[in-house]
Amino acid sequence: MTLSERVKTLQPSPTLALAAKAKALAAEGRDLVAFTAGEPDFDTPAEIVEAAVQALREGKTRYTPSGGIPELRRAVAAMINRDRGLSWSEKNVHIASGAKQALYHLFQALLDPGDEVIVPTPYWVSYPEQIHLAGGVPVFVPTRPEDGYKLTPEALERAIGPRTKAFVLNSPSNPTGAMYTEEELFGLFSVLVHRPVWIIADEIYERLVYDGPHTSIIAVDPQAVERTVIVSGVSKTYAMTGWRIGWAAAADERLIRALDDLASQSTSNPTTFAQYGALAAVTMDPAPVAAMVEAFRRRRDLIVERIAGVPGLRAFRPSGAFYLWVDVREAMERQGFPDADRWAAALLEEAGVVVVPGSGFGDAGHVRLSFALGEAAIEEGVRRLAAFVGRRREV
Ligand SMILES: Cc1ncc(COP(=O)(O)O)c(C=O)c1O
């Protein structure tokens with residue numbers, strides 16, 4: 001009795017595993033500061049909750065179309081049209097159980113065995129696994145801190161080959177928080193313009209930005225419209241991670257129908273009343289979102305400043321999302337650790353601080369700290385980190 005090769009080689013999400021471990025240790029009474037959260041620590045705004053409750057009361061408890069209720073599809077299209085100058089309709093939007101599932105469907109719909117997908121590193125943990133699950137091959141292209149962890153047109157050009165089918169662009173990025181400017185996006189698109197390569201624009205952090213507005217690659221050139229798929233959702237913007245509603249949106253209606261068909265044979269549809277909550281989210285007054293972004297901006301400034309005061313750690317200042325990408329190589333070497341995985345394990349054991357090692361993001365010399373936690377916890381966590389970094393490993 002054997003399991004498939006597919007699951008034997010599958011890497012479960014390291015970020016979810018670590019967040020679960022931190023929660024379990026805290027439940028046992030360990031005094032921890034967990035910089036692991038991949039989700040806002042705020043509550044879902046009350047009017048969104050109310051809309052979902054109302055939907056339940058009204059008996060909206062049955063199956064919906066596999067690609068989501070038309071009202072939500074239309075509302076998402078309207079939002080995309082407003083922000084990116086398009087004229088899409090509900091036929092251009094596939095609602096899924098989270099952006100993660102939208103991406104899963106997308107790789108299933110786009111890739112044949114051996115097709116290559118260009119993935120800049122460091123990357124969000126799920127891209128390589130989802131590409132493998134679809135029979136594809138991730139082609140990793142490193143980005144450099146001196147380029148602000150952004151892919152250059154030259155590096156993109158070098159990575160493209162005859163089997164390149166898609167390019168994943170995550171801006172703002174998880175784990176670095178790097179956000180591409182319009183000019184940089186234009187540079188990347190110029191490389192792709194005459195090549196049959198899909199652009200998967202993961203814009204899930206599009207509204208959590210601190211140094212100016214977000215630009216989508218789809219908006220930099222009219223020719224980008226036909227080949228770009230926008231992936232986003234309500235999880236991060238509206239503090240709705242557990243609701244599991246996200247989407248993929250594209251000009252190509254054939255692709256959207258294929259995504260709907262895939263959903264029809266897997267989940268049938270995203271949870272019905274959660275879709276009504278998401279509808280309230282994307283159509284509501286954005287004030288609660290602005291307040292959350294302001295809180296994240298203050299935390300970003302605080303954590304960047306505090307980490308800058310810890311010798312041996314070098315942090316990249318993020319422009320979006322709620323993560324700090326920290327180069328720990330100097331501290332690691334000085335303290336006598338061979339890699340960031342073991343450094344992070346000792347940090348947890350000895351100082352009760354939980355960070356995500358960079359190996360899951362494709363870079364073993366870094367760790368990711370989430371700043372989706374209160375300012376007092378950030379201060380305390382960095383104090384513990386500084387004390388830990390000051391100690392040598394006992395061998
Ligand atoms: C870059 C990126 N894309 C997609 C997702 C998936 O979001 P969800 O499935 O909650 O909509 C995440 C969540 O952590 C993410 O960081």
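Domain bounds here come from an automatic or database domain assignment. For this protein chain, that assignment gives domain 1, made of 5-43 + 287-389, and domain 2, covering 49-283. Taken over C-alpha atoms, the centres of domain 1 and domain 2 are 25 Å apart.

A quick word on what you're looking at. This is a predicted model, in which local features need pLDDT of at least 70 and side-chain atom pairs count only at pLDDT 80 or more, while totals for chains, interfaces and linings use all residues. Residues are numbered from 1 along each chain as its sequence is written, and side-chain values use heavy atoms, with hydrogens and water left out.

Let's start where the domains meet. Counting contact as heavy atoms within 4.5 Å, domain 1 brings 34 residues and domain 2 brings 28 residues. Between them they bury about 2,700 Å², 62% of it on carbon and sulfur atoms; buried area is the accessible area (1.4 Å probe) that two parts lose on being put together, summed over both. On the domain 1 side, Phe-316, Ser-319 and Phe-361 supply 21% of the area buried against domain 2, more than any other three residues.

What about charges? The rule finds one salt bridge across the interface of domain 1 and domain 2, where a salt bridge is a side-chain nitrogen of Lys or Arg within 4 Å of a carboxyl oxygen of Asp or Glu. Elements that each supply at least two residues to the domain 1 face include helix H2 (14-27) and helix H11 (287-308); helices (H or I, at least four residues) and strands (E, at least two) are DSSP runs, numbered from the N terminus. H11 gives the largest share of that face, six residues.

Now for the aromatics. The structure holds 13 aromatic pairs, meaning rings of Phe, Tyr and Trp (its six-membered ring) with centres within 6.5 Å; planes under 30 degrees apart count as stacked, over 60 as edge-to-face and the rest as tilted. Tyr-123 and Phe-140 make a stacked pair, at 4.9 Å centre to centre and 25 degrees between the planes. Tyr-123 sits in the loop between strand S3 (116-121) and helix H6 (126-133) and Phe-140 in strand S4 (residues 137-142), so the pair ties together parts 17 residues apart in sequence.

That S3-H6 loop is also the place of Pro-122, which a cis peptide bond joins to Thr-121, with omega about -5 degrees. Another cis peptide bond joins Ser-171 and Pro-172, with omega about -10 degrees. Finally, Tyr-149 has a positive phi, near 55 degrees, and lies in the loop between S4 and helix H7 (153-159).
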